Amino acid sequence: MGELDVLKKEAETLKTQIETARKAVNDTTMEAASSGVAPAPRIQPKARRTLKGHTAKIYALYWALDNKLMVSGSQDGKLLVWDTHAGILANCVPLKSAWVMTVSFSPSAGLVASGGLDNMCTIVNISGEKPKTMRELDGHDGYVACSRFLSETSILTASGDQTCGLWDLETGKQKQSFLNHVGDCMCVALAEDQNTFISGACDSQAKLWDIRDGQCKQSFIGHTGDINAISYMPNGQAFITGSDDCTLRMFDMRADQEVMCYQNAQPTAGVTSLSLSLSGRLLFAGYDDFNCNIWDSLKGEKIGVLSGHDNRVSCTGIPSDGMCVSTGSWDSFLKIWN
Amino acid sequence: MARDMAEKDILKMEVDQLKKEVSTPRSAVSAAAKETIEFVEAQSPEDPLIKGVPEATNPFKEKGGCIIS
């Protein structure tokens, strides 16, 4: 047997061992375990605000920790910062590259990060009179699909070059590279203690990483398509992913496996984005078919729909106080619901 | 990046990772599900999207939209 065949055989043997170990602890399903839980109320949130200002598809949005400011990024080449309570525009950041895929605020909201097809993550200081570009993080060999601040001086990126990166904003250099995915990295979420993070990629896997040593600790299989969105459950022990395979899945890190699958009866639209309500009970998922479905995360039932966009819902977000859910769309509008 | 790696190196990376993951500690799904359910249920009463936001205190109570021309 050639060297490649030896390795392939070894991989298959190890995968079988792991599946056997997973089956051994698979003594129930989340659905069965939650059968005694009262159904979640059928909520029908109303669209309270429609924010119009972008002139092209919106690709990303992010809430500030003050639960009031929200930033959105569009392929019109702008980041718009909204005062969502007053319903007015608070700031406008023109981008060098219009091909934005991700936006985020630093904890103070004094910095915004954006990234996209320019393969860079650009950090802009918006706390002054005028937005000022502070850093252009150059080092990825592919698009930057997601960026998340750890602090005012540190940021995590997910890239089409199949790696994630941890960057020091004081030096502008990459401190750590995370290599183990074999497909474009599309999304990341940081654990509360910031010692670990989870990533989703086009290899259909989600992975848990140690931030300091750069090692992949656990890999989660189950999806059959690109994973576009990922979010921790509030207990920090489980997480939910959304995929082009039209499903969302809950994975538990203690059991090291998938514990729930959220799938429409006629699954035809990929999941682009997801957000969890404050308790984690409500799962809001944006789809390619212009809708945002509301799922009961524990019982796996669809309990509502947010309809109002005229095109794909590309991003969703819930502020840290859980007071609303926002959606952003290719129709160029953002909506705020509760 | 995995994209630039030779097939042999990608497979080696995969095998090395699988070897590590074989010994991942795994606990029962029943125990994990129970804890998740209890955690979520305990937080649910204070979840604004579940209990609803009273009109009076809703920071997003309807005013209309924001249109920039």
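Modeller: In this predicted model, the side chains of Asp296(A) and Arg281(A) meet in a salt bridge with an N to O distance of 2.7 Å; the term denotes a side-chain nitrogen of Lys or Arg within 4 Å of a carboxyl oxygen of Asp or Glu. Asp296(A) belongs to strand β24 (residues 292–296) of chain A and Arg281(A) to the loop between β22 and β23 of chain A, so that distant parts of the chain, 15 residues apart, are linked; helices (H or I, at least four residues) and strands (E, at least two) are DSSP runs, numbered from the N terminus. Both Asp296(A) and Arg281(A) are buried, where buried means under 20% relative accessible area, exposed over 50% and partly exposed in between (1.4 Å probe, protein chains only).

Residues are numbered from 1 along each chain as its sequence is written, and chains are lettered from A and ligands numbered from 1 in the order in which they are written. Local features need pLDDT of at least 70, side-chain atom pairs count only at pLDDT 80 or more, totals for chains, interfaces and linings use all residues, and side-chain values use heavy atoms, with hydrogens and water left out.

A search of the whole structure finds 23 salt bridges over all chains. Another of these joins the side chains of Arg22(A) and Asp256(A), at 3.0 Å from N to O. Because Arg22(A) lies in helix α1 of chain A and Asp256(A) in the loop between β20 and β21 of chain A, this pair ties together parts that are 234 residues apart in sequence. Arg22(A) is buried at 6% relative accessible area, and Asp256(A) is buried at 2%. The two also belong to a network of salt bridges that links them with Glu19(A) and Arg26(B).

Lys15(A) pairs with Glu12(A), their closest N and O atoms lying 3.7 Å apart. These residues are three apart in helix α1 (residues 3–25) of chain A, and therefore separated by about one helical turn. Lys15(A) is partly exposed at 34%, as is Glu12(A) at 45%.
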